[in-house]
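Hi everyone, thanks for coming.

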Amino acid sequence: MGFAALALLVAAVLQVTWAEPVCPAPRPTGTTVWTAAHSSAAAAVARMSQQDKITIVTGTGWERGPCVGNTAPISSINYPELCLHDGPLGIRFGTGSTAFTPAIQAGSTWDVELIRQRGEYLGAEARGCGIHVLLGPVAGALGKIPHGGRNWEGFAADPYLSGIAMSETIDGIQSVGVQACAKHYIVNEQELNRETMSSNVDDRTMHELYLWPFADAVHANVASVMCSYNKINGSWACENDMAQNGLLKKELGFQGFIVSDWNAQHTTTGSANYGMDMTMPGTDFSGGNVLWGPQLNAAINNNQVSRARLDDMAKRILASWYLLGQDAPGYPPINIRANVQGNHKENVRAVARDGTVLLKNDGILPLSRPAKLALVGSAAVVDPQGMNSCVDKGCNRGALGMGWGSGSVNYPYFVAPYDALRARAQADGTTLSLHSSDSTGGVANAVSGADAAIVVITADSGEGYITVEGHPGDRLHLDPWHNGNQLVQAVAAANKNTIVVVHSVGPVILETILATPGVRAVVWGGLPSQENGNALVDILYGLVSPSGKLVYTIAKRPEDYGTVVVRGDDNFGEGLYIDYRHFDNAGIEPRFEFGFGLSYTNFTYSSLRTTTPSAIPSGPARGPTLPGGPSDLWDTVATVTATITNTGAVAGAEVAQLYLTLPASAPAAPPKQLRGFAKLKLEPGASGTATFKLRRRDLSYWDVGRQQWVVPAGTFGVRVGASSRDIRLTGSLQV
């Protein structure tokens, strides 16, 4: 019997089920930042009629308000028309807002300061547009399937990195008084059949992978969580008692409200009784199928839903409103087309640049005033039909900055590679030729005699309501689009100084390109949004040394990942072993491993040291439940430090990564798991200290039998390196 099947059996024996009622939603013990907010909410609810309460939990209907989701105002408590609006990288349908980099690019920076600033700027723009609830950030999909259509909306194929990025982004958004919404809860890992399939996940995998970043979100006091379209172990996510009440509200102590994904509600009483607090948009996309509103009123009057449950819904929604101070005078009126950009493009360029990963360089980069350059590919120029010509970015024409779907936004402007390279070439006196087609015909004439030929290729994906070039949300393959392999071969055949730039939503198989003679550099540009070309020039010319690191594994073969998009239910048979965890456990050599990235300088690692303030007790966490779970899970129990030295000739930044191996006393686990990272910016010859603070949760595994997080006794392996495979220092930690 496999691990996943065994865990499911154990869970069943212990009555840890996913489809039956488990518990009400309790309050965390102790005082938190939510205490005053809930007190104000309770006082407001006491003044509301039953109809007021139903109004506050029920959306007004699809396209029946200024935002993608709206609830009607409640005059009795001076509560406004609530505006809930997409999304995770800016203001959907906005015309005066910034197109921020997708989360996957932000994750690739491994820079918590940039990630938090990105969140703060997202929040500032949302507030400037009068938006109360910004629908983001995204912790699911986690990215277990490399083809997954919406992976680019999340931060990484790793729960630890995703969790840190979720926390920083939420802190940023909510610091300016806007409610963040963590989505899509939970195990929503593909677009195909997302509204009918069941994600069947064992208890330990759920906790250690998929719930992990949501725990970070709750610990950051996220105001709301969006339940997803899929089923979880046979029960719809938006009426799954175990997921909503058992895990989120009880175990994690979540204090805010759960809102449905748009039209993800299936019943009146099931969604109400099993934890959902707000329905959006309140109807289906045709304006019918109203499941709350009058139907909820009837269910309450018929004692199918208790009045206490309705009060709880209303209090949770109001508590989030009070928590962010949105009851105070002066909140801007709703206008999603307001001009709110400010200087936020500076963050876009920094994230686009510092999230760029240098995969290969045999010395051709950085460029230095070349006499002649050639630029090739349709992705080198702005979409000829207009940068915003495709609704919700549902096409792959011209340069690529983001995937498609409801998580996309309009560009206020777009700097393509050709735009930025032309400006640089004019300044340097460089001749620049352009072949803005993916046809191999005529390539030789365009690149012949150039000091370097730059070819730009792409791979795209998005949300399943749009199909692009035959890809129904999820990618059908992991090859470059538009015959990218053949285009690179044609360019390299005519110019032996070829630089390949990849703009992609996720992993692409690069074996053909890397085996092509004449390919001297590969620059992984990711998804750089509106500053696409400027970020690329920054890296190509060495204005900044590349410092991005991969947040997923690039394999040699698609089948090496061990996961695929499925047509029926997904039984998550891979368990804990996704991305680098799978490659390590199965002994598969990746082409470029998780955490990999080159620089124009060199870094050495030395002086690994582990300290503990006191003996680390083994066993389960026992602290009182606060937002995020037992309070002692978040205690720092050990600190690991290492010295990083820039031994090269130029300034650069290095992402030092800490991986832990569990003791032999723990149940089977991945060979190593990311549990810390630090980005150090160093001048030539300078040294810095990478400091990794280990929390109790970082040393814990989920014990299915005890239903607790447990620190195993024994020796932990401590590994610090430049990637998941490039380990420079090893040590141990005793418990």
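This is a predicted model: local features need pLDDT of at least 70, side-chain atom pairs count only at pLDDT 80 or more; totals for chains, interfaces and linings use all residues.

Residues are numbered from 1 along each chain as its sequence is written, and side-chain values use heavy atoms, with hydrogens and water left out.

A disulfide is a covalent bond between the sulfur atoms of two cysteines. Here it is called as a pair of cysteine sulfur atoms within 2.5 Å. How many disulfides does a search of the whole structure find? It finds three.

Let's start with cysteine 67 and cysteine 83, which are joined with an S to S distance of 2.0 Å. What does this pair tie together? Well, cysteine 67 sits in the loop between helix H3 (50-57) and strand S1 (69-71), and cysteine 83 is in strand S2 (residues 82-86), so the link ties together parts 16 residues apart in sequence. Helices and strands here are DSSP runs numbered from the N terminus (H or I, at least four residues, for helices; E, at least two, for strands). The angle about the S-S bond is -105°, and this link is left-handed. Cysteine 67 and cysteine 83 are both buried, meaning under 20% relative accessible area, using a 1.4 Å probe and protein chains only.

Next up, cysteine 227 and cysteine 238, again with S to S at 2.0 Å. Cysteine 227 belongs to strand S6 (residues 224-227) and cysteine 238 to the loop between strand S8 (235-236) and helix H9 (241-251), so this pair ties together parts that are eleven residues apart in sequence. This link is right-handed, with 105° about the S-S bond. Cysteine 227 and cysteine 238 are both buried too.

Then there's cysteine 390 with cysteine 395, their sulfur atoms 2.0 Å apart. The torsion about that S-S bond is about 100°, so the disulfide is right-handed.

Now, what about cysteine 129? Cysteine 129 is in no disulfide, and the nearest cysteine sulfur, on cysteine 83, is 8.6 Å away. Cysteine 129 is buried, at a relative accessible area of 0%.

Cysteine 181 is in no disulfide either; its nearest cysteine sulfur belongs to cysteine 227, 9.1 Å away. Buried or exposed? Cysteine 181 counts as buried, because its relative accessibility is 0%.

Technical notes:
Buried means under 20% relative accessible area, exposed over 50%, partly exposed in between (1.4 Å probe, protein chains only).
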